[in-house]
Amino acid sequence: MKAARRTGAAFLAVLLLAAAGWGADIQAMAEKVYSAAMDGKPFPVLTAEYPGMTVDESYAVQTAYSKKRLGSERPVGFKAGLTTEATMKKFGSDTPFAAVLFPGGALDGSAGPVEVNRAGFGNLMLECEIGFILGEPVKEPLKDVDTLKGKVAFLAAAIELPDLAFTDMKQLKAADINASAISSKGFIMGKPLPLGEAPDINELIPVLSLNGAEVNRGKGSDALGNQWKTALWLVNTMVEHGWTLEKGDVLLTGALGNMLPGKPGSYVYDAGALGAIEFTVK
């Protein structure tokens, strides 16, 4: 019942925005975000034009932008962002965010090195993450972690490749990032490991090296303190905002350690018992 009330509240918030005259503005802002994404230009800093944009308003823009970009397609998964205290503080937020993973952005890192071309990004960033792969669809909010575990078939090492390109990085706020679907662009998935064979993902110490030198070290629990609780929050947040999740969808729960600029070179992401991903940024 509590989850159902949250779902109703999310849709009610969108209706109230429209009733308050925000409907046209939401669509106009979503169009600006969409145009930037399609033209390969930096995302607009919407809060410079619309000061005081709320979380609900930023989600309304994100949903409108995402649906326009998807067209007749559907997401290949969903992602959480700003899931550490440091990133929330950096962008002036007291909450994490959730967004879609767009088709065409997935790279298979399970069979060997992957190449990432910076030319396809305005501002390529790298995040060491853990990926969850659903074995069953999710149409309604889930009541607890045990229920979610019954829906997950595989876990895998993952590298997210967000495009954190905005017209004014100094004025950038969390609401701007959320409106752009948290700069969703691409991701690399490692070899899937059946859930029954997976380690305690909260205890993993993932390490990223560049040209043989360590550049990032995190812990599985960096994602809001608990991977499974974060994944549950991600699933329920997306359902609350009108999305459905299907078998095979990927869930990314946020950066472990720091978000890093995508510098050229050869990378190895060692996620311990979850395996490793090798990739090159050119």
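Helix 8 has 14 residues, which at 1.5 Å a residue should span 20 Å; its end C-alpha atoms lie 20 Å apart, in agreement. The model is predicted.

**Helix 8: burial and ends**

- Among the buried residues are Q227, W228, T230, A231 and L232.
- Buried residues of helix 8 also include L234, V235, N236, M238, V239 and E240.
- N226 caps the N-terminal end: one of its side-chain oxygens lies 3.0 Å from the backbone nitrogen of W228.
- G242 follows the helix and has a positive phi, near 95 degrees.

- T237 has a relative accessible area of 7%, so it counts as buried, the cut-off being under 20%.
- Neighbours within four places in sequence aside, T237 is in contact with Y59 and A98.

- E129 is buried, because its relative accessible area is 0%.
- Leaving out neighbours within four places in sequence, E129 contacts A156, A157, A158 and E160, among others.
- Its contacts also include L252, T253, G254, A255, L256 and Y269.
- A polar atom of the E129 side chain lies 3.5 Å from the backbone nitrogen of T253.
- E129 and G220 are 91 residues apart along the chain, yet their C-alpha atoms are separated by 8.2 Å.

Key:
Residues are numbered from 1 along each chain as its sequence is written. This is a predicted model: local features need pLDDT of at least 70, side-chain atom pairs count only at pLDDT 80 or more; totals for chains, interfaces and linings use all residues. Side-chain values use heavy atoms; hydrogens and water are left out. Buried means under 20% relative accessible area, exposed over 50%, partly exposed in between (1.4 Å probe, protein chains only). Contact means heavy atoms within 4.5 Å. Helices (H or I, at least four residues) and strands (E, at least two) are DSSP runs, numbered from the N terminus. The expected span of a helix is 1.5 Å times one less than its number of residues. A polar contact is a pair of N or O atoms within 3.5 Å; within protein, one must be able to donate a hydrogen and the other to accept it, and residues adjacent in sequence count only if both atoms are side-chain atoms.
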